[in-house]
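The points are grouped by topic.

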Amino acid sequence: MTRCAVFGTGSWGTAFAMVLADAGCEVTLWGRRAALVDAVNTGRTNPDYLPGVELPEGVRATTDPAEAARGADFTVLAVPSQTLRANLAEWAPLLPSDTVLVSLMKGVELGTAKRMSEVIEEVAKVPADRVAVLTGPNLAKEVAARQPAAAVVACADESVAQRLQAACHTAYFRPYTNTDVVGCELGGAVKNVIALAVGIATGMGLGDNAKASLITRGLAETTRLGLAMGADAHTFAGLAGMGDLVATCSSPLSRNNTFGTNLGRGMSLAETIAVTKQTAEGVKSCESVRELARRHGVDMPLTETVVEIVHEGKPPLVALKELMSRTAKPERH
């Protein structure tokens, strides 16, 4: 039986643990808080993040990272992007020498502007063929309700991606493989930034034309950056690109969309953070994505605008007027 460790008991880590268990894997969740771990083991539920959802018998939990990691064929990392480096430095010595590290995170590290797979390779001192990424339109609550969903599992080594594909393929969760790790990660990270922009537009009362335009031009920005970094353009037309972008920008279940909506309604950054129970990755990653764009000489006006609104205090109405007054150009640019 395939053994999996999932580090992180948030909604997505828990939902993916359910997928793995439903696919026949033995799954151990690692959580920091004993009360939550006890709720998983005794009540078969995660009351903080997925209340009312019964977890499969194949999922158990522990506060001991060594116990979680023991014998794991796959080690799934499902913590906030900006905490990955510190957490993984603590866990890396405990991991089996042949485990495949799987990133569920959709962010870019502040300061270094590194993708999550790059942080994993650096901190865990593993080659690229032992790091995989799972991404796509995967809203945790829908997956936990076993509603149909598709995803992409990406790894430089296609055979590793195929192993992970088999480990998480269920009647309701359909994974596809890809070897374009760069494109898959950028799609997942930048869509959070664009979802903030769409949420802001919603909060301002703008219509569907405006939101569709933001989604489409957001995809153009993501593709430009991806191509500059060596990604495959086709990736951005697939589940890791357009698929994830549409789900995150359209659903009220999206943390980034909801966060942006509150900002667009006039709430301050501090007020919005206070009412947000879970991490909206785009809030911090927008700065890292902007840094990546500048390093590669890529024009990303929507990303620049989101940073200005979220972190520099620019009023959304002013930002909108500036975007609309930009120099006209052909759509291909």
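Searching the whole structure turns up one cavity of 30 Å³ or more. The model is predicted. Helix H1 is largely enclosed by the rest of the structure, because eleven of its twelve residues are buried.

**Cavity**
- The volume of the largest cavity is about 30 Å³.
- Its lining consists of Met105, Lys106, Gly107, Arg115, Met116, Glu185 and Ala189.
- Sorted by class, three lining residues of the largest cavity are nonpolar, one is polar and three are charged.

**Helix H1**
- H1 covers residues 11–22; at 1.5 Å a residue its twelve residues should span 16 Å, and the end C-alpha atoms are 16 Å apart, so the two values agree.
- Ser11, Trp12, Gly13, Thr14, Ala15, Phe16, Ala17, Met18, Val19, Leu20 and Ala21 are the buried residues of H1.

- In soluble globular proteins, nonpolar side chains tend to be buried together.
- The largest nonpolar core has 42 residues, of which Trp12, Phe16, Leu20, Val27, Val102, Leu134 and Phe173 touch the most other members.
- H1 contributes the most to this core, with eight residues.
- Another core lies apart from it and has 38 residues, including Ile194, Ala195, Val198 and Leu292.
- Leaving out residues up to four places away in sequence, Leu134 touches Trp12, Phe16, Val102, Ser103, Leu104, Ala151, Val152, Val153, Cys168 and Phe173.

Definitions and conventions:
Residues are numbered from 1 along each chain as its sequence is written. This is a predicted model: local features need pLDDT of at least 70, side-chain atom pairs count only at pLDDT 80 or more; totals for chains, interfaces and linings use all residues. Side-chain values use heavy atoms; hydrogens and water are left out. Helices (H or I, at least four residues) and strands (E, at least two) are DSSP runs, numbered from the N terminus. The expected span of a helix is 1.5 Å times one less than its number of residues. Buried means under 20% relative accessible area, exposed over 50%, partly exposed in between (1.4 Å probe, protein chains only). On a 1 Å grid over the protein atoms alone, a cavity is a set of points where a 1.4 Å probe fits but cannot get out, and a pocket is an open set with protein on both sides within 12 Å along at least five of seven lines; lining residues have an atom within 4 Å of a point. Grid points are joined across faces, edges and corners, and a volume is the space filled by probe spheres set on the points. Ala, Val, Leu, Ile, Met, Phe, Trp, Tyr, Cys and Pro count as nonpolar, Asp, Glu, Lys and Arg as charged, and the others, Gly among them, as polar. A nonpolar core is a set of buried Ala, Val, Leu, Ile, Met, Phe, Trp, Tyr and Cys residues joined through side-chain atoms within 4.5 Å. Contact means heavy atoms within 4.5 Å.
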